Amino acid sequence: MADRYMTVALNKRGVECTARLLYDKAPLTCAAVWDALPLAGDVYHAKYARNEIYALLPTFAEQEPPLENPTVTPIPGDLCYFTFTDVQLGTASYGYESGAAHRGRTTVVDLALFYERNNLLLNGDTGWVPGIVWGTVVDGLEEMAAACQDLWRTGAAGETLSFRRA
């Protein structure tokens, strides 16, 4: 299969990067995401995982992918896929207010971009949270990282994280 690429963007900030899908390592996850593109949602900045931005989306795969190509230590440029239940994301302490778009869904997909080093997917309430690494940024990570730092410092309200075919 020829390489497939997608664009990951912070729409309000007008910043984007290009990622290559890792079909050789996570074929089921890549296929699920590729078939569902374009995808977009409110962006959040990680509170505990460190250098991560993500969007919480409704499920879109016919069947949730298995834990292929897992990690708990993502590196800069990794795109990760997580699945959570509504109960796991129900607490206000994680920044999910009662009006959050994912409320009321029994399953939530988290598509994440890690933009810097020293990430550890360890939740104080539940323990290790392995993610599926399904893509890697190949162009524009430095600009995206600067925008992610700005998002951390100035806030995520009104910002959208989007994924589309390149």
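In which strand does Glu52 lie? Glu52 belongs to strand E4, which covers residues 52–58; strands (E, at least two residues) and helices (H or I, at least four) are DSSP runs, numbered from the N terminus. The model is a predicted one, in which local features need pLDDT of at least 70 and side-chain atom pairs count only at pLDDT 80 or more, whereas totals for chains, interfaces and linings use all residues. Residues are numbered from 1 along each chain as its sequence is written, and side-chain values use heavy atoms, with hydrogens and water left out.

The protein contains 2 helices and 11 strands, arranged from the N terminus in the order β-β-α-β-β-β-β-β-β-β-β-α-β. Of its 166 residues, 49% are buried, where buried denotes under 20% relative accessible area, exposed over 50%, and partly exposed the range in between (1.4 Å probe, protein chains only). The accessible surface amounts to about 8,300 Å², and carbon and sulfur atoms contribute 50% of this area; accessible areas were computed by the Shrake-Rupley method with a 1.4 Å probe. Among contacts (heavy atoms within 4.5 Å) with a separation of 6 or more, 79% involve residues 24 or more positions apart.

Glu52 has a relative accessibility of 5% and therefore counts as buried. Beyond residues up to four places away in sequence, Glu52 touches Tyr44, His45, Ala46, Phe82, Asp110, Ala112, Leu113, Phe114 and Tyr115. The C-alpha atoms of Glu52 and Arg117 lie 9.8 Å apart, although 65 residues separate the two in sequence.

The largest nonpolar core comprises 36 residues, and those with the most contacts inside it are Met6, Leu10, Ile53, Leu111, Trp134 and Phe163. Helix H2 (residues 141–154) supplies the largest share of this core, 5 residues. Another core, of 15 residues, lies apart from it and includes Tyr44, Tyr54, Cys80 and Phe114. A nonpolar core is here a set of buried Ala, Val, Leu, Ile, Met, Phe, Trp, Tyr and Cys residues joined through side-chain atoms within 4.5 Å. In soluble globular proteins, nonpolar side chains tend to be buried together.

Within H2, the buried residues are Met144, Ala145, Ala147, Cys148 and Leu151. Viewed down the helix axis, the buried residues of H2 fall within an arc of 165° and so line one face of the helix, the arc being that of the directions from the axis to the C-beta atoms. Elements covering these buried residues include strands E1 (5–10), E2 (15–21), E3 (39–45), E4 and E7 (107–114). On the other side of H2, Glu142, Arg153 and Thr154 are exposed. Gly155, which follows H2, has a positive phi, near 110°.

The whole structure contains 4 aromatic pairs. The ring centres of Tyr44 and Tyr54 are 5.5 Å apart with planes at 15°, so this pair is stacked. Because Tyr44 lies in strand E3 and Tyr54 in strand E4, the pair ties together parts that are 10 residues apart in sequence. Both Tyr44 and Tyr54 are buried. Trp134 and Phe163 form a tilted aromatic pair, with 6.5 Å centre to centre and 50° between the planes. This pair links distant parts of the chain, 29 residues apart, with Trp134 in strand E10 (residues 131–139) and Phe163 in strand E11 (residues 160–165). Trp134 and Phe163 are likewise buried. Rings of Phe, Tyr and Trp (its six-membered ring) pair if their centres lie within 6.5 Å; planes under 30 degrees apart count as stacked, over 60 as edge-to-face and the rest as tilted.
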